[in-house]
Amino acid sequence: IVLVVLCCTLLLVAAVFLALQVRSGLRATVHRVSVAAAMVARNVTAALEFEDERQAALLLDALRAEVSVRQSLILRPDGSVLAALGEPAPSPQRTLALRSDAERIAQRLHLTYVEVLAPVLLRGEILGHVYVQTNLRALYFDLAATFLMLMLVALVGGWAAVRLSDRLQQRIVTPLQRLALTMRDISTSSNTNAQVHTSERGEIG
C-alpha cells in the first residue's frame, strides 16, 4: 500500500510539474514571437508606405534567427502579401480573421503552432500587418525530455524503495519467524531451555 501511495504521489507531482512547464513554455513562446513581430512592425512602415518589397523582405529575413518561425508575412491593409518568408502564404481571409483588435497584437494558440498578427501603425493609421507563425516542436521536445527524466527518476526511486522495504521487512519479519518456531518447539517438546539466536542487539533483534 505504501508503494502504491508513493507511486501515485510521484505521478501526481510529475503531472503538475509538466502542466506548469507547458504553461510557462507557451507563455514564453507567445511573448517571444510577439516581440519579434512588433519589432518588424516598427521598422516596416516605410516599406509598406512605398510598396518596397525588397526592404520588406530584408526585414522579414531578420526573423530567421528564430528557428521556430516557419512562416512570416508583411501584409497590406487588404490582407494581400507584400513580402513572405517560409511556407506558402495563407489566404487573406485567414489572416484577416485573426484580427481581434486592429491596434493591438492579436495572438492565437493552436495545438502545434502559434499565430501572431502585429499591426503596422503610422500616426494612428494602420499601414498593414506583420504575420508570424511559429511551431511548438521545441517546446514538445523539451516536454518529452522532461517526461522521460521524471520517469527515470520515478523508476530508480521505486526500485530503491522496494529494495529498502525488502531489507527492512527481512530485519523485522525474520526474528519474529524464529521466535514463532522456537515457541512451537517449546510447546511440542516441552523444552524450556530452547533459545532464539539472533545477530541483532536492538529492539528488532
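The dialogue below walks through the main features of a predicted model.

Biologist: Before we start, what should I know about the numbering and about which parts of the model count?

Modeller: Residues are numbered from 1 along each chain as its sequence is written, and side-chain values use heavy atoms, with hydrogens and water left out. This is a predicted model, in which local features need pLDDT of at least 70 and side-chain atom pairs count only at pLDDT 80 or more, while totals for chains, interfaces and linings use all residues.

Biologist: How many helices and strands are there, and what pattern do they follow along the sequence?

Modeller: Helices (H or I, at least four residues) and strands (E, at least two) are DSSP runs, numbered from the N terminus. The protein has five helices and five strands, and reading along the sequence gives α-α-α-β-β-α-β-β-β-α.

Biologist: How do I read burial, and what share of the residues is buried?

Modeller: Buried means under 20% relative accessible area, exposed over 50%, and partly exposed in between, with a 1.4 Å probe and protein chains only. Of the 205 residues in the protein, 29% are buried.

Biologist: Which residues have the most contacts inside the largest nonpolar core?

Modeller: A nonpolar core is a set of buried Ala, Val, Leu, Ile, Met, Phe, Trp, Tyr and Cys residues joined through side-chain atoms within 4.5 Å. The largest one has 28 residues, and Val44, Ile74 and Val130 have the most contacts inside it. Among the elements that give two or more residues to this core are helix 1 (2-43), strand 1 (69-75) and strand 5 (125-135), and helix 1 gives the most, with seven residues. If contact is taken as heavy atoms within 4.5 Å, Val44 touches Ala56, Leu59, Ile74, Val120 and Val130, not counting residues up to four places away in sequence. A second, separate core of five residues includes Leu73, Ala106, Leu117 and Tyr131.

Biologist: Where is Glu115 placed, and is Glu115 buried or exposed?

Modeller: Glu115 is in strand 4 (residues 113-122) and is buried, with a relative accessible area of 3%. A polar contact is a pair of N or O atoms within 3.5 Å; within protein, one must be able to donate a hydrogen and the other to accept it, and residues adjacent in sequence count only if both atoms are side-chain atoms. Such a contact, of 2.4 Å, joins the side chains of Glu115 and Tyr131.

Biologist: How many salt bridges does the structure hold?

Modeller: A salt bridge is a side-chain nitrogen of Lys or Arg within 4 Å of a carboxyl oxygen of Asp or Glu, and the structure holds four. In one of them, the closest N and O atoms of Arg32 and Glu66 are 3.0 Å apart; Arg32 is in helix 1 and Glu66 in the loop between helix 3 and strand 1, 34 residues apart.

Biologist: Which parts does the salt bridge between Arg76 and Glu51 tie together?

Modeller: Their side chains meet at 3.0 Å, N to O. Arg76 lies in the loop between strand 1 and strand 2 and Glu51 in the loop between helix 2 and helix 3, so the pair ties together parts that are 25 residues apart in sequence. Arg76 is buried, with a relative accessible area of 18%, whereas Glu51 counts as partly exposed at 41%. Glu51, Glu53 and Arg76 are linked in a network of salt bridges.
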